[in-house]
Amino acid sequence: MKSDEGGTSTSTNEIVELNVGGCVYATSRTTLMSCPESMLTSMISGHIPSATDSNKRVFIDRDGSLFRYILNFLRDKRLHLPDNFAEHAQLRQEADFYR
């Protein structure tokens with residue numbers, strides 16, 4: 001846990017590295033915990049045990065390329081998909097997993 005010069009905790013702004021199906025992502029703890037009932041909040045808060053890879057990144061055995069849309073949704077609270085996006089069913093499955 002990091003702290004600023006005043007000694008207060010800034011753990012909510014901590015950078016978290018994730019390895020999702022071999023794709024590496026870095027984001028803030030705040031972003032990952034922005035949906036209180038989600039699987040990611042449970043993992044990051046320690047309520048659900050999480051695995052780590054050899055570089056101490058949180059490992060999630062899911063579709064890494066689709067995770068970018070999940071992460072962007074957590075950042076913006078809006079789903080942005082390319083016009084030619086064809087993996088709607090797979091993305092729905094990933095969204096259901098992460099709750």
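Two strands are said to pair if DSSP finds at least two bridges between them, and the legends below use the word in that sense for a model that is predicted.

**View 1. Strand β1 and its parallel partner β4.** Strand β1 and strand β4, the latter covering residues 58-60, run parallel and are joined by three bridges.

**View 2. The hairpin of β1 and β2.** Strand β1 (residues 15-20) also runs antiparallel to strand β2 (residues 23-28), and six bridges join them. The two strands form a hairpin with two residues between them, and G21, which lies in the turn, has a positive phi of about 55°.

View 3. How many disulfides does a search of the whole structure find? The search finds zero.

**View 4. The largest pocket and its lining.** The largest pocket holds about 310 Å³ of space, and 15 residues line it, of which I70, F73, L79, L91 and A95 lie nearest its centre. The elements that give two or more residues to this lining are α3, which spans 64-76, and α4, which spans 88-98. Which element gives the most to the lining of the largest pocket? That element is α4, with five residues. Sorted by class, the lining comprises eleven nonpolar, two polar and two charged residues. Rolling a probe the size of a water molecule over the atoms shows where empty space is left.

**View 5. The protein chain as the setting for the close-ups.** Four helices and four strands make up the secondary structure of the protein chain, and from the N terminus on its elements run in the order β-β-α-α-β-β-α-α. The chain has 99 residues, of which 33% count as buried. Among the contacts in the protein chain with a separation of 6 or more, 50% are accounted for by residues 24 or more positions apart.

Definitions and conventions:
Residues are numbered from 1 along each chain as its sequence is written. This is a predicted model: local features need pLDDT of at least 70, side-chain atom pairs count only at pLDDT 80 or more; totals for chains, interfaces and linings use all residues. Side-chain values use heavy atoms; hydrogens and water are left out. On a 1 Å grid over the protein atoms alone, a cavity is a set of points where a 1.4 Å probe fits but cannot get out, and a pocket is an open set with protein on both sides within 12 Å along at least five of seven lines; lining residues have an atom within 4 Å of a point. Grid points are joined across faces, edges and corners, and a volume is the space filled by probe spheres set on the points. Ala, Val, Leu, Ile, Met, Phe, Trp, Tyr, Cys and Pro count as nonpolar, Asp, Glu, Lys and Arg as charged, and the others, Gly among them, as polar. A disulfide is a pair of cysteine sulfur atoms within 2.5 Å. Buried means under 20% relative accessible area, exposed over 50%, partly exposed in between (1.4 Å probe, protein chains only). Contact means heavy atoms within 4.5 Å.
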